[in-house]
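Thanks for asking me to look this one over. My notes follow as numbered points, with the model itself shown just below.

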Amino acid sequence: MIRIVKMTFEPERVQDFLTIFEASKEKIRAREGCQHLELWQDQKHENVFFTYSIWEGPEFLEMYRQSELFTNVWRDTKALFAEKAKAWSVEKKIVVE
């Protein structure tokens with residue numbers, strides 16, 4: 001399962017978010033069921049970021065979402081938002097290489 005989360009930050013809070021992500025990325029990646037984690041930044045809007053993560057299944061994402069780690073990271077992250085985050089859970093259907 002792929003999880004994509006779009007986050008738009010107040011421009012002056014971007015560095016605060018990057019500090020939070022840097023401090024928590026290895027802990028998130030080490031969570032049971034988390035197979036991959038990336039942070040993307042929009043090319044035109046420097047205050048827009050996306051997390052791209054791959055989970056063994058929705059139950060592993062849910063276990064992470066119920067964890068103290070998620071509670072703390074999300075609380076601190078959403079305090080920096082300029083607008084509400086958007087999230088999608090998707091799966092690959094076709095890969096062309």
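1. Which residues does Ser-53 touch, not counting residues up to four places away in sequence? Ser-53 touches Met-1, Ile-2, Arg-3, His-36 and Leu-37, where a contact means heavy atoms within 4.5 Å. Please bear in mind that this is a predicted model, with local features needing pLDDT of at least 70, side-chain atom pairs counted only at pLDDT 80 or more, and totals for chains, interfaces and linings using all residues. Residues are numbered from 1 along each chain as its sequence is written, and side-chain values use heavy atoms, with hydrogens and water left out.

2. Ser-53 sits in strand β3 (strands are DSSP runs of E, at least two residues; helices are runs of H or I, at least four; both are numbered from the N terminus). Ser-53 is buried, with a relative accessible area of 7%; buried means under 20%, exposed over 50% and partly exposed in between, with a 1.4 Å probe and protein chains only. Its side chain makes a polar contact of 2.8 Å with the side chain of Trp-55 (a pair of N or O atoms within 3.5 Å, one able to donate a hydrogen and the other to accept it; residues adjacent in sequence count only if both atoms are side-chain atoms).

3. The rest of β3 is covered too: 8 of its 8 residues are buried. Val-48, Phe-50, Tyr-52 and Ile-54 lie on one side, and Phe-49, Thr-51, Ser-53 and Trp-55 on the other.

4. Now the sheet. Four strands form an open, antiparallel sheet in the order β2-β3-β1-β4 (strands pair if DSSP finds at least two bridges between them). The edge strands are β2 (34-41) and β4 (81-90), each pairing on one side only. β3 pairs with β2 over 7 bridges, and β1 and β3 also pair over 7 bridges. Opposite Ser-53 stands Leu-37, Tyr-52 faces Glu-38, and Phe-49 is the bridge partner of Met-7. β2 and β3 form a hairpin with 6 residues between them.

5. Arg-3, in strand β1, deserves a look. Arg-3 is buried yet has no salt bridge, and the nearest side chain of opposite charge, Glu-62, is 7.6 Å away. Here Lys and Arg count as positive and Asp and Glu as negative, with His and the chain ends not counted; a salt bridge needs a side-chain nitrogen of Lys or Arg within 4 Å of a carboxyl oxygen of Asp or Glu. What does join the side chains of Arg-3 and Ser-89 is a polar contact of 2.7 Å.
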